Amino acid sequence: MSHKILLIPFESKMLMSEIGKEINAKTHLSYAAITSELRQELDLAMYATLRRSCVTVDLLDGRQRSDSMLAFIYGSTSYSYDIVPGTAPDAGSKDKNHTGRYINNGQVEVPVDYSERFMNVSLLNPNLLSILSARYGTDTYVFINELDIKNVDNNATNLSDETYRRQVVVHYSILDNTGHYVSKGVATTYFPFSEDEPKEIGEKYFTAVGRNLMKNYIQGLKADKLKEEKKK
């Protein structure tokens, strides 16, 4: 593809991990160091995947590394917890058709939201993308907004752990130069409960998340192209 991507890693505060204690016991890294390692490994995995199809600029590694530019980007954006595209509220929720507060038997109630949601990015600085495009010659911006690592029930028969496994959830937004969302949502994968080395997690499993994200990006490009063709 002819697109040039700017890869923007998640802020350190946007790691939600349930395995910090286990990683610390295995590696003796501090929690700040664990965050830094996981952030770096996810960034490397995303960069390795994206650059196979597009020229990619990585702000966390290599010649283009820039902590000051990352600080500028983070200060120019905000986050919102939005519904994952293509999903709907839980069909079993009795409150799914209500919006806002409502009265039930004389009591004010707030509906329970069962929607599948993700951390999305929005632009506070309307000039951000034009500034980035002018500096890096990019036309696509892959924002990694949040990384979640959590323990979940193990329902798969091909994993050795009987009770638990880990789930990786990467919240992302991909925008073009106009601010249009080409793709957004989550990319996920699973890995064994016994894996506590950040480097191993990155090389073996973050790469799978990168492939899922790239697949979603390509589908978004195809959907946009189809919409344009229908307008003609």
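## Notes on cavities, pockets and rings

1. Helix α2 (residues 31-50) gives the most to the lining of the second largest cavity, with four residues. Please keep in mind that this is a predicted model, where local features need pLDDT of at least 70, side-chain atom pairs count only at pLDDT 80 or more, and totals for chains, interfaces and linings use all residues. Residues are numbered from 1 along each chain as its sequence is written, and side-chain values use heavy atoms, with hydrogens and water left out. Helices (H or I, at least four residues) and strands (E, at least two) are DSSP runs, numbered from the N terminus.

2. Let us stay with that second largest cavity. On a 1 Å grid over the protein atoms alone, a cavity is a set of points where a 1.4 Å probe fits but cannot get out, while a pocket is an open set with protein on both sides within 12 Å along at least five of seven lines; lining residues have an atom within 4 Å of a point. The second largest cavity holds about 40 Å³ of space (a volume is the space filled by probe spheres set on the points, which are joined across faces, edges and corners). Its lining is made of P9, F10, R39, L42, D43, M46 and I144. By class, five of these residues are nonpolar, none is polar and two are charged (nonpolar: Ala, Val, Leu, Ile, Met, Phe, Trp, Tyr, Cys and Pro; charged: Asp, Glu, Lys and Arg; polar: the others, Gly among them).

3. How many cavities of 30 Å³ or more are there? The count comes to two. The largest cavity contains about 50 Å³ of space. Around it you will find I8, P9, F10, E11, Y74, T77, Y79, V121, F143, I144 and N145. Strands β4 (77-83) and β8 (140-153) each bring at least two residues to this lining, and β8 gives the most, with three. Eight of the lining residues are nonpolar, two are polar and one is charged.

4. Now for the open spaces. The largest pocket has a volume of about 240 Å³. It is lined by 15 residues, and P85, Y172, V182, S183 and K184 lie nearest its centre. The elements giving two or more residues to this lining are β10 and α5, and the biggest contribution comes from β10, with six residues. The lining of the largest pocket has seven nonpolar, five polar and three charged residues.

5. The second largest pocket has a volume of about 200 Å³. Which residues line the second largest pocket? They are K4, Y47, V55, T56, V57, D58, D61, G62, R63, Q64, R135 and Y136. Both β3 (55-58) and α4 supply at least two residues each, with the largest share, four residues, coming from β3. Here the classes are four nonpolar, three polar and five charged residues.

6. Helix α4 (residues 128-136) deserves a look of its own. Its buried residues are L128, L129, L132 and Y136 (buried means under 20% relative accessible area, exposed over 50%, partly exposed in between, with a 1.4 Å probe and protein chains only). Viewed down the axis of α4, these buried residues fall within an arc of 90 degrees, so they line one face of the helix (the arc is that of the directions from the helix axis to the C-beta atoms). An α-helix has 3.6 residues a turn, so residues three or four places apart point the same way. Just after α4 comes G137, which takes a positive phi of about 70 degrees.

7. Next, the rings. A search of the whole structure finds one aromatic pair. F191 and Y205 form this pair, which is stacked, at 5.3 Å centre to centre and 25 degrees between the planes (rings of Phe, Tyr and Trp, the last by its six-membered ring, pair if their centres lie within 6.5 Å; planes under 30 degrees apart count as stacked, over 60 as edge-to-face and the rest as tilted). The pair links distant parts of the chain, 14 residues apart: F191 is in strand β10 (residues 181-192) and Y205 in helix α5 (residues 198-231). Both F191 and Y205 are buried.

8. Charges meet rings too. The charged end of R165 sits over the ring of Y190, 3.7 Å from its centre (the rule asks for NZ of Lys or CZ of Arg within 6 Å of the ring centre and within 35 degrees of the ring normal). R166 lies over the face of F193, at 4.5 Å from the ring centre.

9. Finally, find Y81 in strand β4. With 49% relative accessibility, Y81 counts as partly exposed. The C-alpha atoms of Y81 and F118 are separated by 5.5 Å, although these residues are 37 residues apart along the chain.
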